[in-house]
Amino acid sequence: MKFTLTDEQAGFARSIDDLLSRADTVAANRAWAAGDHEPGLKLWSRLADLGVTSLATEASPVEVCIAFEAIGRHAAPGPWIESAAYLPLALPGVDLTESRATVAMPYAVDADIADSVYAVVDGQLHSAQATDSSPGIDPSRRLFAVSAGDRVDHGDLDAAFDLAALATAAELLGAGERVLADSVAYVKQRTQFGRAIGSYQAIKHQLANVRIALDFARPLVFGAALEVTPRSVSAAKLQAADAANLAARVGLQVHGAIGYTEEHDLSRWLLRTRALQSAWGTTAYHRERLLADLLAAR
Amino acid sequence: MNLDFSPDELAFRDEARAWLAANVPAEPLPSMDTADGFVAHQQWERRLADARWSVVSWPEEFGGRGASLVKWVIFEEEYYRAGAPGRVSQNGIFLLAPIIFDHGTTDQQQRWLPSMATGETIWAQAWSEPEAGSDLASLRSTATAVKGGWLLNGQKTWSSRAAYAHQGFGLFRSDPSAERHRGLTYFCFPLDADGVTVRPIAQLDGEAGFAELFFDDVFVPDADVLGEPGDGWRVAMSTAGNERGLSLRSPGRFCATADRLLDLYASVLEPVERTSTATRVVDAWLRAEAYRLYTWGTVTQLAGGGDIGAAGSVNKVWWSELDVALHETALDLLGAEAEVASTWTDGYLFSLSGPIYAGTNEIQRNIVAERILGLPREVRA
């Protein structure tokens, strides 16, 4: 029994975090949202070099979660969940490590830069063509409607969905951690009435609640990585989404109006967090699935 | 990273499970805060001790099994899953014993630990005072040095189990000229000593779960001081972490309650109650499961020689709010029947104390904010 990262896993977490910390991921995120994919694609290939695109098939879900937590922490753009979590399991015979792919769930995220586009129709995987794009709440996740084409041979779509939902939970966890860290830094330097606002109990207690929520989301995410089941994945997604949402709301509140601006970097995580709450199974879906599973086991 | 137990741990779990299945009383014991219930709980402690399950993590010479932290948590999970009674000896075993092991003399260990393990001597915690709630450093009860020992004077309150317990432990101000945190000394004393008056206080449930203690020139020999005189704050703080963190509220208790909540949900046929509580049933289960997994992370850290430090405060807010949520949800599921006294109403009333005792949740949030997030201390007058 050892429920912490191994030295090797901690090393992997550090290297991916170092890579993303050195890159200007926020600039890449903003450029991506504006339709300039260049910096984001460079980032993509560097992460691919680190092995992120082969984790789903070559490593364990623990490594997948480590990578996606870092992606969330840095708001890296691109169809990572689709290309590096869902489709590698949905298409076990296809090598996706050197390309980008996306799948409509129900929108195909970033279909304009994907080498291949898929859609799930009646429980079967089909190749697809992107049609119209719709603006998203998170402009760095570009949404496309698709028209489905031929059916393709596929693997276990349920397992693929669960890994994608788990990756989403990990990304939410990373986003929540980032917002908390940035908020803590902000309230230490922002003063009102002659002292740092972080010294006021009203601010402290809100941030403490975020710390507590994230601390209890993390074990559900990594517990699910050790045993990926519909129950564990839904639990992880629910708690991570709630914790990240709390982080976002409190983060915005303690930043005040500057946090409500597009130009402040906080906006990247506020919008990403809201988008991911709806992606890969809404909160209502996962709650329903978890309850059904718990009752079936009685 | 893994959550698998070793063959040795699995064997331990099976042994505990089998013993509990054969020995846990079929009917719940009467409340430990009544005279009869107190004795019934002491007898249960004796039964646990005879089979060496009362203090599994203690060394064998004191009645334990020398069990690892992992095994201790395994035992706690099994204990509550089996529906076993609450522990009347909890204050002693989980709050005082770690201090006696770390700071007590050999003589103190031999005098106090064996009867604590068997439940023969029940210990009450005497920390709070009428004017010192969360601000423990402002304690005013005094200890005056006399030949061979000390004279205790003053008043303690909210002393859990003190209505029926035999011994007390707490902090007294032994050096009035020293700064707040200094000059406190940790004492153990009999509750039937000359000069001690115990006034039981009925709790919300009507039972005397705690008491006020009045001290009027109570003599305590030097041999009953825990740690060095004047060092009581430091000595006591090592138990505060225990109370808030792992030892008092093992996740097994909440997981067992969450399972009962699911059973209740499945048994309730009123569509209104089911629909209106479904979300909270799932979320309560989820939070208990999160606590279970969180605890394994903590255990792994501690087993690796780490220190949880202020993380005990994170823990305390979580389990205390979880306990309220579990029971409020159950009562809402019960509909009109919730007004009738039951194990759910008992559990609900008990859960309401959680956010208050062991340091209020406001104090815990301050600790999380200041010691974990590194925010500046609040300006205090």
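How exposed is A:Arg218, and what is its relative accessibility? A:Arg218 counts as partly exposed at 26% relative accessibility, where buried means under 20% relative accessible area, exposed over 50% and partly exposed in between, with a 1.4 Å probe and protein chains only. This is a predicted model, in which local features need pLDDT of at least 70, side-chain atom pairs count only at pLDDT 80 or more, and totals for chains, interfaces and linings use all residues. Residues are numbered from 1 along each chain as its sequence is written, chains are lettered from A and ligands numbered from 1 in the order in which they are written, and side-chain values use heavy atoms, with hydrogens and water left out.

**Salt bridges**

- Over all chains, the structure holds 36 salt bridges, a salt bridge being a side-chain nitrogen of Lys or Arg within 4 Å of a carboxyl oxygen of Asp or Glu.
- A:Glu177 pairs with A:Arg218 in one of these, with the closest N and O atoms 3.2 Å apart. The pair links distant parts of the chain, 41 residues apart: A:Glu177 is in helix H7 and A:Arg218 in helix H8 (residues 201-226) of chain A. Helices (H or I, at least four residues) and strands (E, at least two) are DSSP runs, numbered from the N terminus.
- A:Glu177 counts as buried because its relative accessibility is 10%.
- A:Glu177 and A:Arg218 also belong to a network of salt bridges that includes A:Asp17, A:Glu69, A:Arg73, A:Arg211 and A:Asp215.
- A:Arg268 forms a salt bridge with A:Glu262, and their closest N and O atoms are 2.9 Å apart. A:Arg268 is buried at 3% relative accessible area, whereas A:Glu262 is exposed at 52%.
- In chain B, B:Glu45 forms a salt bridge with B:Arg87, the closest N and O atoms lying 2.8 Å apart. This pair also links distant parts of the chain, 42 residues apart, with B:Glu45 in helix H2 (residues 35-50) and B:Arg87 in the loop between helix H3 (69-81) and helix H4 (90-103). Both residues, B:Glu45 and B:Arg87, are buried.

**Negative surface patch**

- A:Asp49, A:Glu58, A:Asp95 and A:Glu98 form a negative surface patch. Patches are made of residues with over 30% relative accessible area and no salt bridge, like charges being joined within 9 Å and nonpolar side chains (Val, Leu, Ile, Met, Phe, Trp, Tyr) within 5 Å.
- A:Asp95 is exposed, at 57% relative accessible area.

**Surroundings of single residues**

- A:Asp162 is part of helix H7 (residues 157-189) of chain A and counts as buried, at 7% relative accessibility. Apart from neighbours within four places in sequence, A:Asp162 is in contact (heavy atoms within 4.5 Å) with A:Val228, A:Thr229, A:Pro230, A:Val233 and A:Arg289.
- A:Leu41 lies in helix H3 (residues 38-49) of chain A and is partly exposed, at 26% relative accessible area. Neighbours within four places in sequence aside, A:Leu41 is in contact with A:Trp32 and A:Arg100.
- B:Thr185 is found in strand E5 (residues 184-190) of chain B and counts as buried because its relative accessibility is 0%. The C-alpha atoms of B:Thr185 and B:Phe172 are separated by 5.4 Å, although the two are 13 residues apart along the chain. Not counting residues up to four places away in sequence, B:Thr185 touches several residues, including B:Phe172, B:Ser174, B:Val225 and B:Pro229.

Methods: Accessible areas come from the Shrake-Rupley method with a 1.4 Å probe; for residues, only the protein chains shown count as cover. Lys and Arg count as positive and Asp and Glu as negative; His and the chain ends are not counted. The place of a charge is taken as NZ of Lys, CZ of Arg, CG of Asp or CD of Glu.
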